[in-house]
Amino acid sequence: MKGIRDKVAIIGMGCTRFGELWDKSQGDLMLDACQEAVEDAGIETKDIQAAWVGTALGGLLGMRLARALKTEYIPITHVENLCATATDTLRQACYAVAAGVCEVALAVGFEKLKDSKYLIAGGFEPPESTKIEPILPPATSYALAANRYFYRYGIAPQEGKEVLAKIAVKNHHNGSLNKRAHFQREITVEQAVSAPMIAYPLGVYDCCGVSDGAAAAIVTTPELAKKYRDDYVLVKAIQLATGAYQRPLQTAGDFVHFEETVVAARRAYQEAGITDPRKEIDVAEVHDCFTITELITYEDLGFSPRGRAKEDVKAGAFELTGELPVNTDGGLKCFGHPFGASGLRMVYEIYKQLQGKADKRQVKDALPITSLALPVIHPCAASAFWAVGSS
Amino acid sequence: MIGITSYGAYIPLWRLKREAVAKGGKGEKSVGSFDEDSLTMAVSASVNSFGGIEREAIDGLLFASTTFPYKEKQNACLAASAIDLRRDIMTLDVSNTLRAGTSALRIAGDLVKAGSAKNIIVTASDCRLGSPGSSFEQVCGDGAGALIVGETDVAAEIESSFSVYNEVFDVWRADEDKFIRSWDERFVQSEGYGKTVADAIARLMREKNLGPKDFAKAVIYAPDQRRVEEAAAKLGFDLRTQVQDPLISTIGNTGAASPIILLIAALEETRPGDRLLCVSYGDGCDIIVLKVTEHIEKLRSRRGVRAFLESKQYVQDYATYLEWKGILKKERGPGKALQEVSLTALRRDWAEVIRFQGSRCKSCGTIQYPPQRVCTQCHAKDQFDLVRLSDKKGSLFTYSADYISDPLGVPVILSVVDFESGGRAVLTMTDHNSKEIKIGMGVEMTFRKLFYNEGIHNYFWKCTPSRA
């Protein structure tokens, strides 16, 4: 089975500014992102034949996309997969094109978090519930991994906080170069380490921004893509791995790696034909909802050996000027994290990098490069994995 | 021979210095945490009374309190469930008087005598409130005690008992009252406690031809330190050697639980052959005379009162105490809306939520919490037994301290607990000292209240650092 490799091409993308967008409604966000994507692709809205719209908390109706864009009775599906929502919309769109059931498909993800008195609290349980699961912010869940990681690898809390801080500093630096990012200012390691605590050991700067935003992608077959542009981007692999609550149920759950990521990565590398990720990947976007997530993801993706990611962090391997730049657009940390949009925002940055349009964030040795867009999600949930390349 | 075959107590971790309530206050009182109430404390005390007796053997539960969480919903039924007793037993709430605990003890003895049951738990628990500024606020403390009454290996035989009622309005609460009411202080003492207790004990002595010298210990309910000293002196008991310390200065007056808690404290120090007098007061008196046997030695390892007296932490301040008791509400940032509990889901999940049972896969032996129809390890479907995990010790695999989501419990400790018998659960930790939390530390399970909304007290289990 060849998988999705080289069967789908991205011909247009859009991404709104992420942040506290008081003036933008859900419909505005969808429209703005899709409009940019459509213009970028050089098509019109009426050329879109099917659409997938993702939002984690924005309600159930796919038809709201139709209302915003004024599409003419095309099939639209609402997609939800926690923080893998946006990448899953793109996955659906790609599969439809690869299956030959449509030629031009739209994937859009959005999230309007600032319309609720959003409390960064979790609580995705269904109505049939006794409410015994503690309603705690995602930070608290990821902090479980941070404390266990420090303990397992003998890292003293102060050193651990400094390693995490370096990741935050890196992403803030990258975000300061990105006019779409929610936060565009540099910070120092000292600021990060001494920031107010959110969920021990994660402080304010270890946690991603609470933001509104949307991103969109238009996909078609590689044959048709040539009609629209020369620098279309090929999808090399898509993998989604959904956890079955293994970590909380099994005492073997070690809380220092996310098996979902490892499995999705293994399958995606195979699908894309990558055998040495550290060497073959030029740029990566990973899911840094919290600094600890990014740290562990380096190991889960095979960028760093198990338990030794801190060495790469200290050596600056993943900085913009390093060996393997990660989160060149500021990541979830600085660009922000509207749940339903993030996955597509990651692909957007990779798309621009591959086209040489990443401005001050452009990774050297530009085209052709292979790069990786990777939204890795929430433990106990899913990891979606992309590899995109330009040829 | 019928009598007490085991005991267990539970005193909350927290103390409030009386000085923090009002200047000049002496000593301290025990304070149940924001997630405790009379039901949760009674469950803890009852669980502490198990040792030699299997839960399967318990065929009765009498629950005494004046501060039940429910008025029309049997609290003993809920307690029996949380304690994971079998269903075909007698459950009964005994309420509305400060002598409910001893009344329940009398009833239990009579039930066993009549052959209606063989092993009955009698648990008494209270968390009464005095209104801010009152003497009751100073003196009342929270706590629970549990006794098992039966006829096998009796450690303290019930030799005799009787009751008198006294229809005086001295200390009371009407059905909507939150705080204790009382009348003129002199009246309360002379026509209530003082007169009734003295008369009742004197009558006992007369009828049984006993005197103070026949008793090793006198356990006498004390509204406060001074009253019990007066009563004891009047009756000729030696304060130093015979009268059980009423623990007013260390935990306070624990209401209906008090005579049971004080009786347990006394039993912890008795020797075979000792005779004990147990006197409660509340709308009258219950008097119970007990004789200790050699089986008392078997109970030395029970978690009685002594184990809990020194296990304590101080409530931060008076305002925190008022918040915990729901007397003061502070605005602490964007609050989250209270949530509706699905009662149909609760019924379905009862074993998991109230009995804290997990599943053990019959195919591969893996223990899982919550119970899983499909085994996470071997994927066998619908092949499991339910196993009780509430009595298993655990160790903390990892944790996190959430500083922003629940102001009352700041910080909220999310804990991944691995049970020594197998299985893992993700829970919140309560009664912790956040500076002393370490991966690998020992924890145990405790029954607590998550929240109250729309007439439903939503209970569940939390882990807590091993105590006592």
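How many helices and strands are there in chain B? In this predicted model, chain B holds twelve helices and 22 strands. The radius of gyration of chain B comes out at 22 Å, close to the 23 Å that the globule rule gives for 468 residues, so the chain is as compact as a globular protein of that length. Inside, 49% of the 468 residues of chain B count as buried. And if you take the contacts in chain B with a separation of 6 or more, 70% of them link residues 24 or more positions apart.

Chain B has an open sheet of three strands, in the order β3-β2-β14, with mixed pairing. At its edges sit β3 (28-31) and β14 (313-314) of chain B, each pairing on one side only. Strand β2 of chain B, residues 14-17, runs antiparallel to β3(B), and four bridges join the two.

Step back and chain B divides into two domains: domain 1 covers 3-324 and domain 2 covers 343-465. Their C-alpha centres lie 31 Å apart. Where the two touch, domain 1 of chain B brings 16 residues and domain 2 of chain B brings 15 residues. On the domain 1 side, the elements giving two or more residues are α2 (38-49) and α3 (75-82) of chain B. The largest share of that side, four residues, comes from α2(B). By type, the domain 1 side is made of six nonpolar, five polar and five charged residues.

Chain B also has a partner to meet. In all, 32 residues of chain B are in contact with 29 residues of chain A. Which elements of chain B give two or more residues to the side that touches chain A? They are α11 (343-348), β18 (394-402), β19 (412-419), β20 (424-429) and β22 (456-465). Of these, β18(B) gives the most, with five residues. The side of chain B that touches chain A has 16 nonpolar, eleven polar and five charged residues.

Strand β5 of chain A, residues 197-200, pairs with β18(B) in the antiparallel sense over two bridges. To find the place, look for A:Y200, whose bridge partner in β18(B) is B:A401.

Methods: Residues are numbered from 1 along each chain as its sequence is written. Chains are lettered from A and ligands numbered from 1 in the order in which they are written. This is a predicted model: local features need pLDDT of at least 70, side-chain atom pairs count only at pLDDT 80 or more; totals for chains, interfaces and linings use all residues. The radius of gyration is taken over C-alpha atoms; the globule rule is 2.2 Å times the number of residues to the power 0.38. A residue is buried if 20 or more other C-beta atoms lie within 10 Å of its own, exposed if 12 or fewer, and partly exposed in between; C-beta atoms are placed from the backbone. Two residues are in contact if their C-beta atoms, placed from the backbone, lie within 7 Å. Two strands pair if DSSP finds at least two bridges between them. Domain bounds come from an automatic or database domain assignment. Ala, Val, Leu, Ile, Met, Phe, Trp, Tyr, Cys and Pro count as nonpolar, Asp, Glu, Lys and Arg as charged, and the others, Gly among them, as polar.
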